[in-house]
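Please look over the sequence and the fold shown here.

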Amino acid sequence: MTEYSEPKAPKLGSEQDAKALEYKAILNTLSEMVYVLDKNYIYRFMNRAYALWFELPIEDTIGKSVAEVHGVPAFTGLKPFLDKGLSGQVISTEMVLPSKTGIQRLGQCIYTPMRSQDGKISGLVASVWGLAESQPGLEQARRKQGNFEFLPESQNEGLFRFELTRPIPISAAIDTQIQQILEEARVAEYNNVMAGMFSIESATALNELKLEQFLPQGVAAQTYLRNFINNGYQISHIESFERDSLGRPAHFSKSLIGVVENNHLVRAWATQKNTTHEVQSRENLRRSEERFRMASEAGNVGIWEWDIQTGELFWSDLVKIIYGFPLDFEPNMDEYRGRIHPEDAESAMEKVQAALNPDSVQDYVAQHRIIVNGTTKWVRGLGKVVFDDNGRPLRMSGTVVDFTAQKEAENKFIQLRELGINLSKIMTTEALANLVIDFGTSVLGASASAVYQRKEGGLSLFGSSGYSNQEIGELCYLAQDAKHPFADAGYLAKPIFLETRATMNGAYPELSCDGGKKRSICAIPMLLDDAAVGVISLQFAHEKSFDNDSRRFMLTFADQCAQTLERIRFYEKEKIARLEAEGANKAKSLFLANMSHEIRTPLGAILGFAELIKDPDIEASERDKFISIIMRNGNMLNKVINDILDLSKIESEQLEMENLEFNIKDLVKEVLSLLGHQAQEKRLELNLTLDDNVPQRIISDPTRLKQILINLVGNALKFTTHGRIEIVIVSVEGPHADRHQVKIQVIDTGLGIASEHAERIFESFVQADSSMTRQFGGTGLGLVISKRLAQVLGGELILEESAPGKGSTFSFTLDAGSRSQGNELDSAEKLPGVKQNPSHKELSGLKILLVDDGPDNQLLISRILQGAGAEVFSARNGKEAVEAALSQDFDLVLMDIQMPEMDGFGALKALQKAGYQIPVLALTAHAMKVDREQSLRAGFLEHLVKPIDRKLLLDSIKRRVLYTKNPIGLEAMGLDALTQT
């Protein structure tokens, strides 16, 4: 026997493929045999049951014809049934199904045509299930096996084998045969279904079961056996209504097959099938047909039938109503054809003729227009043709529905969909107005249209058609309180429909008479979030009824336009923002290029002169000069970096400000002292004018004030080639009478600034003229930072006066504190600070652990600390730092943050966990406010920033070490004025 194997599953390419696999899996679980043939009798599918019965390998069989698989004689016998199935008929027949083992089974076969999506027959589906084995097959099986092995098992069909105690001659009288059959036929074998039908539970019950108990009661049994004998002891059917084994009423179909040998009846096979479900199905079908008739009338579905041979038509009442005929009208094909719209008549009749052609195998499906009393309707007809055995059409029956309303809704949907597609391409209000006007005229039939956009205080017209110049002048702008339907629609956010002239004049008598042109008006607000962003108004030259469908259509139209109008607004804003962003990006690109130059210039000098210092033959004077150059360029580089960081802090609102009391005159002198050498080099005067009314001591942030002055004076020095630079400080009236307000002016006689560039000098990443960057250098951030700092200090930095070739005057004001303070201290008093320790070796006796992964930083910081007298030990990462700190005694730990293996935070956490009490200070290149806050939260006592400020580093170490050893003596050591950095 050929072994059955599952075919390989195809790759799923779609949901349809997945469904196909699911259906195949279900079919493979059935005991019934199922296969599919195409129109050329080629196998396209077979399930497991079919393959096993005929011992066919599925993969090798699919794609072969029936003749190739079963032979030409078998195909010749099947072909008439197959052809009928392929012609569109459903065929049911019985036939003997032989297997290769010799077993024969009588099978019930149904051939059902299979149609493609376009309605054409593409093949047929055959399903086969066994009813009983044929007589030769049963007899052969009984002789070979002597048991009940080959009796078929099915879900609802039972089978008995009755043996006669003695053979009955078939020549005996019929009544005699009937009597002997009833008396002597006993059950020999049965299948499980039959046992269940008769509740056979024991061998005793089996032996007592007679054929008489299987047959109908009384006279019906005699009649049944008489038919059985008269039919040559072949299959004899009878329907009965009895109770099943559970006592429930049930319908049964019974059959009997006799076996005749040597002119004697020797045994019989009996089948019994519970047909309750089938009977109920027939009854349900009858009721379904009745319900269908009632439902068709309730659902506005008309029913019709056409006798093609006689030409007679049957139309239900609803069909007559749809076609506009009276109910007593006797329809005919001429009247039907006369109702079809002339443009659709040819196509409709072609579909009728196509359905009548047996070769096309397609049903009648058509939708077209009809004209009823001058009104156009849309109807959809479905019909099926019944053919005789010769392929002649006998009759066509079907349904018809009036779907005019659905067709109109479909047309409106298509119009709105096309409108949406067109609206999606619109990017300007002018294009939107043109589309709305065109739609209102061509689709809605308006004689005049207007489109408004809501502006502050009223509605502004941005498109119109069909109005006179006078009317456009009146409608150009409608104030919010205007007594006009367009204004009311916009500001009440509700649609207004005026269907008649009388209604219009009654609601809005102010509308001009216009010679009676306006018959109907509608004004539809374009709504977003329940607020009107505009209004669409339509005017009609005829009175128009705005039913619910047309109103919904117009509201949907307005909603789509509202979305488009909002998108246009957003696009315009985005366009402006994009242009601004592009300008900003261009400015930033120029700025970054400038920054690269400003950073690389001092960096190049630093690296170059550092290389020269390595020369052993260099003279000491040159070495000192080169060192001075390196330090100067290092300070320049540090200033560039500080400018960038300051701007970043200002823009992120993380700039730290102090509020201290200091002597303003001393601070300004310090600035002049710092920048005096530049003025001397350029032979410029650098003067200070201090008004007597200015308080000697003010309260502000000295560091930030000093930064502003350095930027302004440095800027003046850069752009002044001859003349002078003057700082003028005066006291001015401020917004608060109880507080000082100081004004500082920086006046130069330099190049000056042209008026067209004056507004740009305070913008980030921008200089007045890009050529200035190439000529004079600089980051372009000085004025930006100074203006922001002035604002933080409670004042404002402005360009007070400037002219090309004559110089510039910058001025800024600042809040200088309460008037109750200011002149109490002498100007000669020093700013608070650290009292200098007379000893040069400030850190003598201290043992410090320095943790840094950079060799250069280790060397630099070690030299600073050792120069101050400290003993320094180094570690390259946090892991080494923890090991060293816990194994040796140190007075203080300087800890870098970003290191390999273990960073500074991890090292500090490990030391804290070990109970380490020695001060640990962060020393890092991370200089932002958030970095400092993170360090202090982690437990570092201070956050010191690279590059190293030697004095700040030494003072911080002294303060922390001395405070740890003697907290009370800190003030006595002169360190009370120091704060954490």
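E942 is buried (under 20% relative accessible area, where exposed means over 50% and partly exposed in between, with a 1.4 Å probe and protein chains only), its own relative accessible area being 0%. The model is a predicted one, in which local features need pLDDT of at least 70 and side-chain atom pairs count only at pLDDT 80 or more, whereas totals for chains, interfaces and linings use all residues. Residues are numbered from 1 along each chain as its sequence is written, and side-chain values use heavy atoms, with hydrogens and water left out.

E942 sits in the loop between α31 (929-938) and β33, helices (H or I, at least four residues) and strands (E, at least two) being DSSP runs numbered from the N terminus. Its side chain makes a polar contact of 3.1 Å with that of R960; such a contact is a pair of N or O atoms within 3.5 Å, and within protein one must be able to donate a hydrogen and the other to accept it, while residues adjacent in sequence count only if both atoms are side-chain atoms. The C-alpha atoms of E942 and S956, which are 14 residues apart along the chain, are separated by 8.0 Å.

Strand β33 belongs to an open sheet of five strands in the order β30-β29-β31-β32-β33, with parallel pairing, where two strands pair if DSSP finds at least two bridges between them. The edge strands, each pairing on one side only, are β30 (871-875) and β33 (943-945). Ignoring direction, neighbouring strands of this sheet are turned by 25° against each other on average, the axes being lines fitted to C-alpha atoms, for helices over the stretch in contact, with angles from 0 to 180 degrees between N-to-C directions. Helix α28 (residues 855-867) packs on this sheet and touches β29 (847-851), β30, β31 (892-895) and β32, its direction making about 160° with that of β30; contact here means heavy atoms within 4.5 Å.

D748 is buried yet has no salt bridge, and the nearest side chain of opposite charge, R724, is 9.5 Å away. A salt bridge requires a side-chain nitrogen of Lys or Arg within 4 Å of a carboxyl oxygen of Asp or Glu, and for charge Lys and Arg count as positive and Asp and Glu as negative, with His and the chain ends not counted. A polar atom of the D748 side chain lies 2.8 Å from the backbone nitrogen of G750.

Strand β26 is part of an open sheet of five strands in the order β23-β25-β26-β28-β27, with mixed pairing. Its edge strands are β23 (685-690) and β27 (797-803), and the twist averages 15° from one strand to the next. Helix α27 (residues 782-792) lies across β27 and β28 (807-818), running at about 135° to β27.

Strand β16 (residues 448-455) is largely enclosed by the rest of the structure, because six of its eight residues are buried. β16 and β17 form a hairpin with two residues between them, and G457 in the turn has a positive phi of about 90°.

| Strand pair | Sense | Bridges |
|---|---|---|
| β32 (residues 920-924) and β33 | parallel | three bridges |
| β16 and β21 (residues 531-540) | antiparallel | six bridges |
| β16 and β17 (residues 458-465) | antiparallel | seven bridges |
| β23 and β25 (residues 724-732) | parallel | six bridges |
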